[in-house]
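Biologist: Please take a close look at the side-chain contacts in this model, charged and aromatic. I would like one connected account, with the criteria spelled out.

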Amino acid sequence: MGLIRDSKASTLGQDAAKAYATGSRYYTPVLNFPATQPALSGGIPDWPPMIDATEAAGWQLHQWQVATDAKGRPQAFPLFVRRA
């Protein structure tokens, strides 16, 4: 993985761990489309490590929504729940 991708995953994982430790039932981050990805089609390599880091903190992906920001770039709105 790249340095930026690693940093994003690490930051999100730490935030997810804090939310888990406080007893939250849900965790709802926003995953922004990487500025370094010129095309809107194909895989988004930044997002899987971010999801992995969140699930490693004890969360399970429950739902997934995608919308576009003001510039038309995709943003993901995953809903994570505590593992059963």
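**Side-chain contacts**

Modeller: A search of the whole structure finds three salt bridges, a salt bridge being a side-chain nitrogen of Lys or Arg within 4 Å of a carboxyl oxygen of Asp or Glu. The model is predicted, so local features need pLDDT of at least 70 and side-chain atom pairs count only at pLDDT 80 or more, while totals for chains, interfaces and linings use all residues. Residues are numbered from 1 along each chain as its sequence is written, and side-chain values use heavy atoms, with hydrogens and water left out.

One of the salt bridges joins D46 and K8, at 2.6 Å from N to O. D46 lies in the loop between β2 (31-32) and α2, and K8 lies in helix α1 (residues 3-21), so this pair ties together parts that are 38 residues apart in sequence. Helices (H or I, at least four residues) and strands (E, at least two) are DSSP runs, numbered from the N terminus. D46 counts as buried because its relative accessibility is 7%, whereas K8, at 27%, is partly exposed. Here buried means under 20% relative accessible area, exposed means over 50%, and partly exposed is in between (1.4 Å probe, protein chains only).

E55 and R83 form another salt bridge, at 3.9 Å from N to O. E55 belongs to helix α2 and R83 to the segment after β4, so the link spans 28 residues of sequence. Both ends are partly exposed: E55 has a relative accessible area of 25%, and R83 has one of 41%. D69 is bridged to R73, with the closest N and O atoms 3.0 Å apart. R73 counts as partly exposed, at 32% relative accessibility.

Next come the rings. There are four aromatic pairs, where rings of Phe, Tyr and Trp (its six-membered ring) pair if their centres lie within 6.5 Å, and planes under 30 degrees apart count as stacked, over 60 as edge-to-face and the rest as tilted. Y27 and F80 make a tilted pair, with 6.3 Å centre to centre and 40° between the planes. Y27 sits in strand β1 (residues 26-27) and F80 in strand β4 (residues 74-82), so the pair ties together parts 53 residues apart in sequence. Y27 and F80 are both buried. W47 and W64 are edge-to-face, because their ring centres are 5.7 Å apart and their planes stand at 65°. W47 is in helix α2 (residues 47-56) and W64 in strand β3, so this pair links distant parts of the chain, 17 residues apart. W47 is buried, at 7% relative accessibility, but W64 is partly exposed, at 33%.

Y20, Y27, W59 and F80 form one aromatic cluster. R82 lies over the face of Y20, at 3.8 Å from the ring centre, and the charged end of R82 also sits over the ring of W59, 5.6 Å from its centre. The rule for a charge over a ring is NZ of Lys or CZ of Arg within 6 Å of the ring centre and within 35 degrees of the ring normal.

L61 is in strand β3 (residues 59-68) and is partly exposed, at 31% relative accessible area.
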